[in-house]
Amino acid sequence: MDAAPNEAALTETLRVVINDVVRISASGGFNALFKKDCTDLGRRVSLLSHLVEEIRECGGELESSSSFLPVSLALFDAKRLLLAVSCFDPNEDGAFKRVAFQFQCVTWKLEKALEDIPYEQLGVSEEVQEQVELVRTQLKRATERYGPVDSSISRTASQPLPNKAELLQSCNKGIGSLHIGNSGIINHGVALKVKNVVQGNSSRSQSLDEAEMMELPSAVCESDDVDVDINSIENSPEEILEEGKKSDSLVIPEDFLCPISLEIMRDPVIVATGQTYERSYIQRWIDSGNLTCPKTQQKLQNFTLTPNYVLRSVIFQWCAKNNVEQPTALLTGKIKKRDGSFRDVTGDIATIQALVRKLSSRSVEDRRAGVTEIRILSKRSTDNRILIAEAGAIPFLVGLLTSDDITTQENAVTSILNLSIYENNKELIMLAGAIPSIVQVLRNGTMEARENAAATLFSLSLADENKIIIGASGAISALVELLKTGRPRGKKDAATALFNLCIYQGNKGRAVRVGIISALMKMLTDSSGTMVDEALTILSVLAGHQEAKSAIVKASTIPVLIDLLRTGLPRNKENAGAILLALCKRDVENLSCLSRLGAAIPLTEMTKTGTERAKRKATSLLELLRKLHQQQ
């Protein structure tokens with residue numbers, strides 16, 4: 001049983017608990033009904049590690065802050081819940097409802113615990129505060145999805161979850177414990193059963209007024225099709241569970257299970273110790289800095305991953321015989337088309353696997369040839385993007401981003417850009433640790449490589465969590481530099497990436513501090529006028545941030561914006577009005593400047609001839625001017 005947090009070392013305790021939650025949630029040994037809940041909980045908790053690290057670095061008085069204790073208790077409960085789900089038996093009466101209720105309790109408890117963190121007392125920066133608020137928002141939405149919060153949940157959430165021993169005793173099937181400790185050693189005495197339940201891949205889509213103002217970067221639009229795979233499950237979890245009960249249980253041969261994820265292997269590979277793992281999990285293990293074999297704890301003499309084709313074939317035959325669906329084209333040799341039929345891709349798989357082997361060759365010529373072909377294939381179709389990722393190409397492509405060979409580097413970053421268009425590949429690229437290398441290309445690569453690096457950052461930043469990671473990587477300063485010095489296409493790609501990153505509040509201050517306002521002002525006053533629309537769109541996102549607001553006004557932007565009210569295109573006038581409204585709200589000095597420069601005349605014209613949004617902004621500004629004149 002976990003001990004209560006020791007207040008004398010609370011920061012270290014929290015760090016360890018957060019790491020445990022993230023590690024357990026990433027292990028993958030969960031029933032399909034709760035796999036997404038476990039993954040989401042781990043992802044949200046992982047974002048809190050920045051808070052704990054900053055408090056420790058700044059020497060905040062955490063130990064004396066009783067208001068932080070609920071956070072630690074909620075994190076301990078999150079860890080216990082994940083251990084409980086690893087023992088979840090769908091055949092047990094009422095098991096589904098109990099676990100779902102505990103997810104609601106833990107999510108609600110963690111969201112409430114984050115409400116009253118004393119940021120000033122702890123010395124927490126504005127960026128990290130905003131990151132915690134993002135986590136709170138996500139937790140709140142998750143709580144609402146689980147159902148209404150009533151008094152019973154409030155009472156239950158205030159009680160600790162049962163400890164691991166109690167949970168294991170409640171499992172009426174002989175299931176061994178899943179323990180993932182700090183050392184990373186895994187107890188593999190686990191007997192698993194497969195249920196023939198419906199599984200769906202869910203892709204989040206976000207709706208933002210500002211996001212509609214910008215188009216995809218030109219480099220992204222080079223691809224022939226952009227396909228986001230969104231599968232919805234119409235049945236309720238209870239109905240899905242009932243369907244699963246109808247099918248007979250199958251005991252999976254132990255050799256078919258990855259020792260890390262405890263799931264059937266899709267792409268088994270052999271490491272230097274002779275053990276076999278699922279490629280994506282062992283690659284993640286190695287990329288995290290681990291030098292040992294997870295199962296034997298022996299030191300890996302090299303990090304070569306050799307495909308286990310014999311085992312892959314045996315697994316495929318077993319799955320086909322027992323009607324177990326494997327959602328991977330590498331095993332089935334088929335990809336499902338939009339009309340429900342299947343396309344045979346056996347020949348494509350062989351070609352792509354041969355190219356991926358070239359990516360790891362010691363020969364510069366082989367690597368260059370392989371990545372050139374990967375670039376062409378990844379641009380050609382969504383099917384190719386799926387196959388290339390499943391063949392394990394992404395980690396190798398990330399490694400080639402730092403190649404001394406210019407052609408190889410250009411083709412590697414462009415291949416990653418093409419692969420990122422397919423939604424499911426974004427997470428694989430992030431897990432491969434691609435961001436630092438992409439930023440390095442953005443700083444030092446050829447102009448073409450820099451342009452495609454900027455477009456890649458835009459594509460990856462469509463996920464909220466990635467905005468935070470990319471913003472903290474130093475990418476914003478490199479994007480601003482490209483915005484100043486790039487070619488027209490590069491400037492547009494940089495502008496689109498910066499716009500998307502600055503939707504996250506914590507990145508706005510970073511952008512201002514690296515000189516984005518001066519770059520945008522140059523774009524506004526450029527006689528060619530080719531980037532006015534992009535500059536205004538980014539300014540409209542920044543104008544609500546206090547630091548950015550001061551920098552915008554200091555750069556003498558107001559006269560330029562008023563001039564655009566008179567002479568700009570309808571879209572320019574709309575955005576200029578929105579920026580001026582943000583600058584003048586609760587700011588008498590800026591409003592007086594607006595009045596002195598004669599903004600009332602073009603604003604009045606906008607209320608008659610502008611777009612609907614422009615009319616609203618102009619009307620609000622005129623009302624502020626009217627109140628100012630009354631006061632004077």
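How many residues of helix H17 (residues 382-390) are buried? I found nine of nine, so by the cut-off of under 20% relative accessible area with a 1.4 Å probe, protein chains only, this helix is mostly covered. Helices here are DSSP runs of H or I of at least four residues, and strands are runs of E of at least two, numbered from the N terminus.

I noted that this is a predicted model, where local features need pLDDT of at least 70, side-chain atom pairs count only at pLDDT 80 or more, and totals for chains, interfaces and linings use all residues. Residues are numbered from 1 along each chain as its sequence is written, and side-chain values use heavy atoms, with hydrogens and water left out.

Next I checked the ends of H17. Ser381 caps the N-terminal end, with a side-chain oxygen 3.2 Å from the backbone nitrogen of Asn384. Just after the helix, Gly392 has a positive phi of about 85 degrees.

Then I looked up Ser378, which is in helix H16 (residues 364-380). Ser378 is buried, at 0% relative accessible area. Leaving out residues up to four places away in sequence, Ser378 touches Arg385, Ile388, Ser415, Asn418 and Leu419 (contact means heavy atoms within 4.5 Å). Arg385 and Ile388 are also among the buried residues of H17.

Note on methods. Buried means under 20% relative accessible area, exposed over 50%, partly exposed in between (1.4 Å probe, protein chains only). A polar contact is a pair of N or O atoms within 3.5 Å; within protein, one must be able to donate a hydrogen and the other to accept it, and residues adjacent in sequence count only if both atoms are side-chain atoms.
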